[in-house]
Amino acid sequence: MHAGTGQASIERTVGNIFISTVGAGVLGLPYTFRRSDRAVTTVSVVCAACLTYHCMLLLIKCNDSIAKGGGMQVHTYGDLGQMAYGAPGRVAVDILICISQIGCCVSYLIFIGQKISSVTMGVTDRSSDIIFIILVFQIILSFYCFEEFSMTLTLEASMKHPKKFPRILALDFFGIASLYLLFGFVGYLAFGNKTQNIITLNLLQDLSTILVKLGLCIGLFFTYPFMMYPVHEIFEGKLMRSAWFQTIAPPSSHLHTLLRNGVRGASVIGTAVLAVSAPGFAIFISLVGGTVCALLAFVLPSLFHMQLCAGSSSMQSRIADMVLTLCGITFAAYSIYTTVVSIFMTPS
C-alpha cells in the first residue's frame, strides 16, 4: 500500500464517501419498489453496492501495482487509464467522466424544474406512467445510486492512512445501501401505488412541503458547480494546452479569460438544453446509469486490472475481470435499447 498524500481523518473520509455517493438517484428508489418486486429491488441495490465496492478495490490494486513498480504517481482515474492503455485510455476515461458528470447535472436540473413546477403551478410529472422493462430499470437505478465512482483514487489519496480505506469504504457502503433500502421501502409504504418517480412529487402542497422542495432545489443548485468542475477541468485543460488556442488567446490576455468563461457558460447552457429535451427524470437516470456509469464502474476497472496486474492476478481473478467486462458492455447496450423503448412508449 502506497503512502497517503493527504491528511483526511477517518471521520472526514466517511463523510466524503457519503457526500460523493448519495445523489439525486435516491429519490427514485421508492418508485422502483412500486414498479417491481420488493425482493428484486433489495437484491439489486445490494448487488450494485457489492459490485461497485469490488471494482473500486480493483482500482486501488492497480494503483498499488503501479506504485510497487516505480511508475508515475497516480492521482486520478484518467492517470490510471493512461498507465494502462496510454493516451487512448486517458481520453476514454475523460470522455466517460464528462458524460457522467454532465448527466448528473442534467438530472439535477430536471429535478429542480419539476420541483419548481409543482410548487408554482401544481404540475405533476406523468413520466411515472411509462411502461418500463422493470427489472432492467431497477438494476440501472441501483447503479446510478452509486455513481460517484471516479472519486475512488482521490478519496484514498486524501487519507492520512490509506491502508484503512478498503475497510472504511465497506462500512460506508453498507450504511449507504441500508439507508437506500430504508428510504425506498418507507417511501413506498407511505404512498403505495401512487408513488411517483421522484418521491417529493407525492408531498402535499402546504407551506412545509414547499419549503422542503425549495430547500432541495437550493441544495442541488449549489451542488451543480461542484459536479461540473471535473468537466471544466478536463475540457479546459485540453483546450488551453492546444497550440491554436494559445496562439489566438495567450494566457495573460483578456481574450483568454473571456473565452474560458465563454466555454463554461456554453457548458451550462448545454446542460439546460439537455434537461429541457430529456423525456423525464426516470428515463434519463436509466440512460446515464445503464451506460456511462456502468462502463466507469465495471468495465474500465476490470480492463485496467487485467492490463496492470496481469503478472500478479490468479486465473480466477482474470476470469472474473473478463466476465465483468462482458456483462458491463452487454448491459450498457441493452439499457440503451430499453431506454429507447421507454421513450417511444411514453404517453403523449
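Predicted model: local features only at pLDDT ≥ 70, side-chain atom pairs only at ≥ 80, totals over all residues.

Q: Is L182 buried or exposed?
A: L182 is exposed. Its relative accessible area is 53%, and the cut-off for exposed is over 50%, so L182 counts as exposed.

Q: Where is V186?
A: V186 lies in helix α7, which spans residues 165-191.

Q: And how exposed is V186?
A: V186 is partly exposed. Its relative accessible area is 45%.

Q: OK, zoom out. How many helices and strands are there?
A: The protein chain has 13 helices and 0 strands. Read from the N terminus, the elements run α-α-α-α-α-α-α-α-α-α-α-α-α.

Q: What share of the residues is buried?
A: Buried residues make up 48% of the 348 residues in the protein chain.

Q: Which residues does UniProt annotate as "transmembrane region"?
A: The UniProt entry, which is unreviewed, gives that annotation to residues 12-33, 39-60, 91-110, 130-147, 168-190, 210-231 and 323-345.

Q: What does the model show over residues 91-110?
A: That span is 100% helix and 0% strand. Its end C-alpha atoms are 28 Å apart.

Q: And residues 210-231?
A: That span is also 100% helix and 0% strand. Its end C-alpha atoms lie 32 Å apart.

Q: New topic: contacts. How many of them join residues at least 24 apart?
A: Take the contacts in the protein chain between residues at least 6 apart in sequence. Of these, 83% join residues at least 24 apart.

Q: Show me an example. What does P30 touch?
A: Leave aside neighbours within four places in sequence. P30 is then in contact with F183, G184, G187, Y188, T195 and I199.

Q: How far apart are P30 and G187?
A: They are 157 residues apart along the chain, but their C-alpha atoms are separated by 5.1 Å.

Q: Where is P30, and is P30 buried or exposed?
A: P30 is in helix α2, residues 29-35. P30 is buried, with a relative accessible area of 0%.

Q: What about C47?
A: C47 lies in helix α3, residues 38-68. C47 is partly exposed, at 40% relative accessible area. C47 and A177 are 130 residues apart in sequence and 9.8 Å apart in space, C-alpha to C-alpha.

Q: Now rings. How many aromatic pairs are there?
A: The structure holds 3 aromatic pairs. One of them is Y77 with F304: the ring centres are 6.0 Å apart.

Q: Why is that pair called edge-to-face?
A: The ring planes of Y77 and F304 are at 85 degrees.

Q: Which helices does the pair link?
A: Y77 is in helix α4, residues 77-120, and F304 is in helix α12, residues 292-308. The two residues are 227 residues apart.

Q: Are these two buried or exposed?
A: Both Y77 and F304 are buried. Together with Y85, they form one aromatic cluster.

Q: What else touches Y77?
A: L300 does. Not counting residues up to four places away in sequence, L300 touches Y77, V93, L96 and L295.

Q: Where does L300 sit?
A: L300 lies in helix α12. L300 is buried, with a relative accessible area of 10%. L300 and G81 are 219 residues apart in sequence, yet 8.3 Å apart in space, C-alpha to C-alpha.

Q: Last one. How many salt bridges are there?
A: The structure holds 1 salt bridge. R90 forms it with D79, and the closest N and O atoms are 2.3 Å apart.

Q: Why does D79 count as buried?
A: D79 has 10% relative accessibility. Buried means under 20%, so D79 qualifies.

Terms used: Residues numbered from 1 in each chain as written. Heavy atoms only, no water. Helix = DSSP H or I, 4+ residues; strand = E, 2+ residues; numbered from the N terminus. Buried < 20%, exposed > 50% of the residue type's maximum accessible area, 1.4 Å probe, protein only. Contact = heavy atoms within 4.5 Å. UniProt positions renumbered as here; feature names shortened; annotations may be inferred. Phe/Tyr/Trp six-rings, centres within 6.5 Å; stacked < 30°, edge-to-face > 60°. Salt bridge = Lys/Arg side-chain N within 4 Å of Asp/Glu carboxyl O.
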